[in-house]
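Subject: Structure for your review

Dear colleague,

Please find below the structure that I am handing over to you. My findings follow it, and I would ask you to read them with the structure open.

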Amino acid sequence: MANVLITGISGFIGSSLARGLLAEGATVRGIDNLSTGNLANLDEIRSRIDLREADILDATAIDDACRGIDYVFHQAAIPSVPKSVIDPIGTNGPNLNGTLFVLEAARKAGIKRLMYAASSAAYGENPTLPKTEAMLPEPLSPYAVQKLAGEHYLASYTRVFGLETVALRYFNIFGPRQDPTSQYSGVLARFISQMTKGETPTIFGDGSTSRDFTYIDNVVSANLTVAKTSAPVAGKVFNVATGQRITLLEAFEEVKRITGYTGTVEFKPEREGDIKHSVADISQAQSVFGYEVVASFSEGLEKTIAYYR
Ligand code: UD1
């Protein structure tokens, strides 16, 4: 599948993509500043990757990294709603300017197609469910604005410069190697890590908040398929999810069942910037480029808990 560049390669999603792309026979280059990523995520594939430790705002390093590349998978970001609420300006650099730097380098290098880790956070407070790509975005947190603004830059680079770009709006991705250690970590990674150790997890809100929790294999498959497709995807936005809505309380119960946790859960007030409900309509990705849900929430949870154990 030729030469690929993954930004944020040592992160949870970037390192999973690296495994998927290597398995397809791609030559993989990666860039990461190790701010939220972890080299251990690349352990057994490290020798097969051209890994470059550099910041996404280092234009020279990004230009160099894009040279000779066919496909770019831009995953580098500070992927946290609460962090963006605490530091809107600091997170805007990597999340938005970083995307612009990657687009500019990709344009100059004449790459074939760029895939971007967009976010379902873009839908924000729009109460309509499920979320379709045709809906007007209503971003709530600075993070959501940064990710959505990145999509607009992608569309602009397609229209103005003819660079093929695709924005994949990820819905709450989870799976092995997701960092559970920070207060900003994804809720499932936190639940699993805490409950396997017998620690009490926390639910922000009353537990009715819902998400379309999407197992990582679906994301890898979506990226590989959309990169190769001859369907008209350039300049478009697609939801990547399962189409199934799970509440935080249901997620807690399911993790409890699989781990055998016997304790309780603590309820705390909702976090600022959090959206209430999220579930995707995935029909556009299915019909345009043949996206398929390769692993359900329950299958993914079983695999993830087995990994953390
Ligand atoms: C997540 C991603 C974000 C992505 C978005 C796409 C993470 C860290 N964030 O944001 O990058 O763009 O999905 O939809 O993966 N919660 C608890 N207890 C906890 C932790 C969180 O109840 O211990 C709650 C939160 O308050 C929130 C929900 O769980 O209501 C989901 O939070 P989180 O996993 O951080 O994800 P999102 O903010 O949805």
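**Ligand surroundings**

A polar side-chain atom of S119 lies 2.6 Å from an oxygen atom of the ligand. Please keep in mind that this is a predicted model. In total, 22 residues surround the ligand. The closest are S119, S120, Y143, V187 and D274.

Helix α2 covers residues 59-66 and helix α4 covers residues 88-109; their axes come within 9 Å and cross at roughly 40°. On the α2 side, the contact is made by A59, I62, D63 and C66, and on the α4 side by F101, V102, A105, A106, K108 and A109. By class, this contact has 8 nonpolar and 2 charged residues, with no polar ones.

**Two backbone details**

Most residues other than glycine have a negative phi, and most peptide bonds are trans. L34 is not a glycine, yet it has a positive phi of about 60°; it sits in the loop between β2 (27-32) and β3 (49-53). L129 and P130 are joined by a cis peptide bond, with omega about -10°. P130 belongs to the loop between β5 (113-119) and α5 (142-161).

Yours sincerely

Methods: Residues are numbered from 1 along each chain as its sequence is written. This is a predicted model: local features need pLDDT of at least 70, side-chain atom pairs count only at pLDDT 80 or more; totals for chains, interfaces and linings use all residues. Side-chain values use heavy atoms; hydrogens and water are left out. Axes are lines fitted to C-alpha atoms, for helices over the stretch in contact, and angles run from 0 to 180 degrees between N-to-C directions. Helices (H or I, at least four residues) and strands (E, at least two) are DSSP runs, numbered from the N terminus. Contact means heavy atoms within 4.5 Å. Ala, Val, Leu, Ile, Met, Phe, Trp, Tyr, Cys and Pro count as nonpolar, Asp, Glu, Lys and Arg as charged, and the others, Gly among them, as polar. A residue is near a molecule or strand if one of its heavy atoms lies within 4 Å of it. A polar contact is a pair of N or O atoms within 3.5 Å; within protein, one must be able to donate a hydrogen and the other to accept it, and residues adjacent in sequence count only if both atoms are side-chain atoms.
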